[in-house]
Amino acid sequence: MTTTAFITHRECWLHDMGTFHPECPDRLSAINDRLIAAGLDLYLSFYDAPYATPEQITRAHPLSYLDELTANLPEHGIRHLDPDTAMSPHTMKAALRSAGAGVLATDLVLKGEVENAFCAIRPPGHHAERDKAMGFCFLNNVAIAALHALEVHGLERVAIVDFDVHHGNGTEDIFRDDPRVTMASIFQHPFYPYCGAENSPRHMCNVPVPAGTRGDAFRQIVSDMWIPALRNHNPQAIFISAGFDAHYEDDMGSLGLVEADYIWVTQQIKALAAECGHKRIISVLEGGYSLSSLARSVVSHVKALADL
């Protein structure tokens, strides 16, 4: 049995927010090329992402919101929902595949077919609030996956770890009143989406950091704050909002992480999952916009997941 599933779908390439938009199809091409160049394709189990169903999506988002997204889909060209977030004719296909990837990953891991899974998908999801698209995000992929684990597989406690440079405001919004889900995150502050530093629920460990923060400070936060909070929650599965835009080469933000930091944090999460009596990790791609550092960081993260 291979340790790690790799889940994607060609329809995730079809979503297009316009020339020069940083959240572009080339992100997935760069990851795939780097994965093959590193020889990782020999060690992973590959799966095509299915479409998420309305039943799966409406655990995180109201049906009225899903209908609103569908109604906004343009027949041609691009339609902006806000200055950063736009839809093209194939956006919903990509969004449904992205949410479906997290659901499939959850099924594979919780049925014991693999220890962990990585979803190479777009559009990302962690800014999508219960009833609002924003920050390049339409459906909250990690929230839909976590709720699938709770409602379908009967888990009682899960954790979401988010190391994207931006705060996962959508994930916090969806789980604000759900103590079954603990969230641990770091994010640059003050910075888009300009929230998360105050009034976090007690079951969330959201840690704002200033511009210029590097790996040593990040590792200290993980060791001193995240791990104790996660250990106290004793999650039965761990979900990762895996954004790689905190890399020092990524000019979307101003943090200073490198590949070694992503390897290290992945190893810490794996150790914690084992300590909690399982090895269940579902990782979902969020940000990362410098193509070279994104691809290198994803490959480092996947290698750590697969113990390679």
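This is a predicted model: local features need pLDDT of at least 70, side-chain atom pairs count only at pLDDT 80 or more; totals for chains, interfaces and linings use all residues.

Me: Which helix holds E259?
Reply: Helices are DSSP runs of H or I with at least four residues, strands are runs of E with at least two, and both are numbered from the N terminus. The run that covers residues 259–275, with E259 in it, is helix α8.

Me: Which residues does E259 touch, not counting those up to four places away in sequence?
Reply: A contact here means heavy atoms within 4.5 Å. With residues up to four places away set aside, E259 touches H247, R296, S297 and S300.

Me: With which residue do the side chains of E259 meet in a salt bridge, at 2.5 Å from N to O?
Reply: A salt bridge is a side-chain nitrogen of Lys or Arg within 4 Å of a carboxyl oxygen of Asp or Glu. The E259 side chain meets its partner at 2.5 Å, N to O, and that partner is R296. The pair links distant parts of the chain, 37 residues apart, with E259 in helix α8 and R296 in helix α9. R296 is buried because its relative accessible area is 18%, so the name you want is R296.

Me: How far apart are the end C-alpha atoms of helix α9?
Reply: The expected span of a helix is 1.5 Å times one less than its number of residues. For the 15 residues of α9 (residues 291–305) that gives 21 Å, which agrees with the model, where the end C-alpha atoms are apart by 21 Å.

Me: How many of the residues of α9 are buried, and what do they pack against?
Reply: α9 is mostly covered, with 12 of its 15 residues buried. Among them are L294, V298, V302 and L305. The buried residues pack against β1 (4–8), α1 (26–37), β5 (116–119), β9 (238–242), α8 and β10 (281–285).

Me: How many residues apart in sequence are the parts that E11 and R97 tie together?
Reply: The side chains of E11 and R97 meet in a salt bridge at 2.9 Å, N to O. E11 lies in the loop between β1 and α1, and R97 in helix α4 (residues 91–110), so the parts they tie together are 86 residues apart in sequence.

Me: What are the relative accessible areas of D178 and R180?
Reply: These two form a salt bridge, with the closest N and O atoms 2.9 Å apart. D178 counts as buried because its value is 11%, while R180 is partly exposed, at 29%.

Me: Which residues that line the largest pocket are the closest to its centre?
Reply: On a 1 Å grid over the protein atoms alone, a pocket is an open set of points where a 1.4 Å probe fits, with protein on both sides within 12 Å along at least five of seven lines; lining residues have an atom within 4 Å of a point. About 160 Å³ of space lies in the largest pocket. Of the 13 residues that line it, the closest to its centre are H127, F136, H166, Y192 and M252.

Definitions and conventions. Residues are numbered from 1 along each chain as its sequence is written. Side-chain values use heavy atoms; hydrogens and water are left out. Buried means under 20% relative accessible area, exposed over 50%, partly exposed in between (1.4 Å probe, protein chains only). Grid points are joined across faces, edges and corners, and a volume is the space filled by probe spheres set on the points.
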